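Subject: Structure handover and notes

Hi,

Please open the structure below and keep it on screen while you read. My notes follow it.

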Amino acid sequence: MGKPTGFLEYNRVDSNAVSPLERIKNYNEFHTPLSNEQRRLQASRCMDCGVPFCQNGKILNGMVSGCPLNNLVPEWNDLLYHDQKEQALERLIMTNNFPEFTSRVCPALCEKACTCGLHGDPVSVRDNENAIIENGFSEGLVKPQIPKIRSGKKIAVIGSGPSGLATADTLNKRGHMVTVFERSDRAGGLLMYGIPNMKLEKNIIERRIRLMKTEGVEFVTNADVGKNTSAEEIMENYDAVVLACGSSNPRDIKANGRDADGIYFAVDFLKATTKSLLDSGLSDGNYISAKDKNVVIIGGGDTGNDCVGTSVRHGCKSVTQLEMMPKLPDDRAENNPWPEYPRVCKTDYGQEEAIAVFGHDPRIYETTVKEFIKDENNRLTAIKTVRLKSVTDPETKRRSMQEVENSENIIPCELCLIAVGFLGCQKYVAEAFGVELNERTNVKTDSGSFATNIEKVFTAGDMHIGQSLVVRAIREGRDVASEVDRYLMGYTNI
């Protein structure tokens, strides 16, 4: 440990963020990195606590505590403090294929379990990780790792989201020939079109794709397997297939007036904006515009927040975010002790921007949609909401949300975005390969395995475990790669 008293001497300092009213003028990332010396001091705050919960990655009370990738956080923090950036990079990429992604979009599970955060501010692990990988790229330390020997085995990966990319990257470095099939026009899956540019600029993804191509991974875009691309031909031409198509079947809202024009799934709204931004800087108009509209977003999670930030950048007239559940506490409750993931209320970037523009938090808690109101031309004009309350069943002791009588309210709305999660994979891909689904419409496998009921077909990521985090998807990709390698070679050294 380089600085035994670092956590006592230095306070946590985060990367500077551009002010909300300034950053909404564009779709760029808006954090300014600290200087090298400031970053070293932040790394020195890592206590080398003896039991690094930050890299634990276990489920505690139904939530992940610490990094699912088991990143060697104390080690590379120590190396960063000593300005040994190349060695820090080597330790970082031992466990994480894509630190440039996780250091931008991961909710920092590591920091939530940081021992330093038990009685103070945790170490700025995510920003430290970002500094290491971005320095690696800028200094030319991240170099193509082209296998010297090829196994002769061919693997098809269906889907180029974080799990698909991690699968491809890991298997390629092992020496197998990997082809990634992506149904969209650009590789990256969720990373490319599901996450707004201001959280993850797309040149970051394209930089990684270029590197993977140099290392030997082949990418085939506009290949919608099960529709315009034959699953049968893929099965004939490859020694193994990995399905990593995500959990892309959006959950719908059942209410009167659902057929009104002006109601969209959040994923379609976000994708259209990003695609138009990349294609033409939004000049082609091929996106769902929120400009001068009253926007209502159903769903209080990260995707809902992304819709808030995007709508504000479009120039919406107002924005409201509906959340069925009660507001979480501002501090940990007694039944949510460290190192469990803290179930506390956070105000994310989109909500900060809405507050700056409109003067109030866009979120309304314990509320849901009762009716979509439309005009004679079938256009959405307003939403009728109803308040909810938590009720405990006396027999089962289960809690549920029930309507509060006479609590209806009308909110003007010309654009409604549904962001209430996903219900497993889109079935046509699974049906094309004949794989079974479980009761949650995820691809079925035995516990601890990634193999499906079809010989040589495996699955990983959200398609396997349901909607989750980018960091868990990367872990899934690494783990399925080991199983595929063992299947092909009879053993694995991944």
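Helices (H or I, at least four residues) and strands (E, at least two) are DSSP runs, numbered from the N terminus. Asp-292 is exposed, with a relative accessible area of 54%. Here exposed means over 50% relative accessible area, buried means under 20%, and partly exposed is in between (1.4 Å probe, protein chains only).

Before the rest, some ground rules. This is a predicted model, so local features need pLDDT of at least 70 and side-chain atom pairs count only at pLDDT 80 or more, while totals for chains, interfaces and linings use all residues. Residues are numbered from 1 along each chain as its sequence is written, and side-chain values use heavy atoms, with hydrogens and water left out.

Most residues other than glycine have a negative phi, and most peptide bonds are trans. Ala-108 is not a glycine either, yet its phi is positive, about 60°. Find Ala-108 in the loop between α6 (99–105) and α7 (109–112). Is Ala-108 buried or exposed? Ala-108 is buried, at 4% relative accessible area.

Now look at the peptide bond from Trp-338 to Pro-339. This bond is cis, with omega near 10°. Pro-339 sits in the loop between β11 (318–323) and α15 (349–358).

**An enclosed helix**

Turn to helix α4 (residues 73–81). Seven of its nine residues are buried, so α4 is largely enclosed by the rest of the structure. The buried ones are Val-73, Pro-74, Trp-76, Asn-77, Leu-79, Leu-80 and Tyr-81. What do they pack against? Their partners are α3 (36–44), α5 (85–93) and α8 (125–138). Contact means heavy atoms within 4.5 Å. After α4 comes Asp-83, with a positive phi near 65°.

Helix α3 has buried residues too: Arg-39, Arg-40, Gln-42, Ala-43 and Ser-44. These pack against α1 (6–9), α4 and α8.

**Two helix pairs**

Two packed helices are described by the angle between their axes and the distance between the axes. Axes are lines fitted to C-alpha atoms, for helices over the stretch in contact, and angles run from 0 to 180 degrees between N-to-C directions.

Start with α9 (residues 162–174) and α18 (residues 470–489). They pack at an angle of about 40°, and their axes are 7 Å apart. That makes α9 oblique to α18. Angles under 35 degrees count as roughly parallel, over 145 as roughly antiparallel, 65 to 115 as roughly perpendicular and the rest as oblique. The crossing of α9 and α18 is right-handed. A crossing is right-handed if the near helix is turned clockwise from the far one by less than a right angle, and left-handed if anticlockwise.

Next, take α13 (residues 266–280) and α14 (residues 302–314). Their angle is about 45° and their axes are 10 Å apart. So α13 is oblique to α14. This crossing is left-handed. On the α13 side, Ala-266, Phe-269, Leu-270 and Thr-273 make the contact. On the α14 side are Thr-303, Asp-306, Cys-307, Thr-310, Ser-311 and His-314. By class, the contact of α13 with α14 has four nonpolar, five polar and one charged residues. Ala, Val, Leu, Ile, Met, Phe, Trp, Tyr, Cys and Pro count as nonpolar, Asp, Glu, Lys and Arg as charged, and the others, Gly among them, as polar.

**Two buried side chains**

Thr-459 lies in strand β18 (residues 457–459). At 0% relative accessibility, Thr-459 counts as buried. Its side chain reaches the backbone oxygen of Leu-243 at 3.0 Å. Not counting residues up to four places away in sequence, Thr-459 touches Leu-243, Val-443, Thr-445, Phe-450, Thr-452, His-464 and Val-480.

Arg-186 is in the loop between β6 (177–181) and α10 (190–194). Arg-186 is buried, with a relative accessible area of 18%. Its side chain joins that of Asp-185 in a polar contact of 3.2 Å. A polar contact is a pair of N or O atoms within 3.5 Å; within protein, one must be able to donate a hydrogen and the other to accept it, and residues adjacent in sequence count only if both atoms are side-chain atoms.

Best wishes
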